[in-house]
Amino acid sequence: MSNIDPDTVPGIDPSIVAALIAARGNAYAPYSRHPVGAMVESESGARFFGANVEVAHYKGLCAEASAIAAMVSAGERRLYSVYVIGPGEHLCSPCGDCRQRIREFADENTRIQVLDAEGSLLKRYTINELLPDAFGPENLSY
């Protein structure tokens with residue numbers, strides 16, 4: 001099921017899909033057997049990839065968190081777009097933790113795209129659609 005009309009929305013760039021599939025292929029998911037790949041594109045246009053990394057105590061690292069950590073480690077602080085690709089044809093949207101991480105570096109123009117295993121767009125969100133009424137840095141008083 002998709003909220004995307006394929007007649008009105010252009011497909012995802014094949015080079016992005018190939019890189020996402022490669023990132024997902026690098027996932028370490030021996031417990032869930034649910035590999036996920038992610039790409040974040042920063043405001044400067046730089047692209048950072050991540051894959052989920054599971055550990056025996058089940059508190060692993062999601063693909064989105066991995067990609068955001070790479071972006072921040074490179075000195076970037078603004079998300080232009082986020083792509084997530086799971087292993088099947090179902091929606092593999094970011095978990096709650098990752099939604100909050102995305103919110104930290106997103107703005108109202110950031111787009112979050114969720115793809116099926118083959119790279120077809122299933123759903124596109126704004127940060128406000130993905131995490132409505134979110135708590136963010138501006139909610140903290142110093």
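Visitor: Which residues in helix 2 meet which residues in helix 3?

Guide: Keep in mind that this is a predicted model. On the helix 2 side you have Glu64, Ala65, Ile68, Met71 and Val72, and they meet Cys98, Arg101, Ile102 and Phe105 in helix 3. Sorted by kind, the residues of this contact are seven nonpolar, no polar and two charged.

Visitor: Why is helix 2 called roughly parallel to helix 3?

Guide: Start with the angle: helix 2 (residues 63–73) and helix 3 (residues 96–105) pack at about 25°, and their axes are 9 Å apart. Angles under 35 degrees count as roughly parallel. The angle of about 25° is under that cut-off, so helix 2 is roughly parallel to helix 3. As for handedness, helix 2 passes helix 3 in a left-handed crossing.

Visitor: What makes a set of residues a nonpolar core?

Guide: The residues have to be buried, of a listed nonpolar kind, and joined through side-chain atoms within 4.5 Å. The largest nonpolar core here has 20 residues, and Val40, Leu79, Val82, Ile102 and Ile112 have the most contacts inside it. Strand 1 (37–42), helix 2, strand 3 (79–85), helix 3, strand 4 (111–115) and helix 4 (127–130) each give two or more residues to this core. Helix 2 gives the most, with four residues. There's also a second, separate core of nine residues, which includes Val17, Tyr83, Ile85 and Leu115.

Visitor: What does Ile102 touch, leaving out residues up to four places away in sequence?

Guide: Quite a list: Ile68, Leu79, Val82, Pro94, Ile112, Ile127 and Leu130. Ile102 is also one of the buried residues of helix 3, along with Cys98, Arg103 and Phe105. Those buried residues pack against helix 2, strand 3, strand 4 and helix 4.

Visitor: And which residues of helix 2 are buried?

Guide: Ala63, Glu64, Ala65, Ser66, Ala67, Ile68 and Met71. They pack against strand 1, strand 2 (47–51), strand 3 and helix 3.

Visitor: Why is Arg33 called exposed?

Guide: Its relative accessibility is 66%. You'll find Arg33 in the loop between helix 1 (14–25) and strand 1.

Visitor: What about Asp133: buried or exposed?

Guide: Exposed, because its relative accessible area is 81%, and the cut-off is over 50%. Asp133 lies in the segment after helix 4.

Visitor: What follows helix 2, and what is its phi?

Guide: That's Gly75, with a positive phi near 90°.

Conventions: Residues numbered from 1 in each chain as written. Predicted model: local features only at pLDDT ≥ 70, side-chain atom pairs only at ≥ 80, totals over all residues. Heavy atoms only, no water. Axes fitted to C-alpha atoms, helices over the stretch in contact; angles between N-to-C directions. Parallel < 35°, antiparallel > 145°, perpendicular 65-115°, else oblique. Left-handed = near helix turned anticlockwise from the far one by under 90°. Contact = heavy atoms within 4.5 Å. Nonpolar A, V, L, I, M, F, W, Y, C, P; charged D, E, K, R; others polar. Buried < 20%, exposed > 50% of the residue type's maximum accessible area, 1.4 Å probe, protein only.
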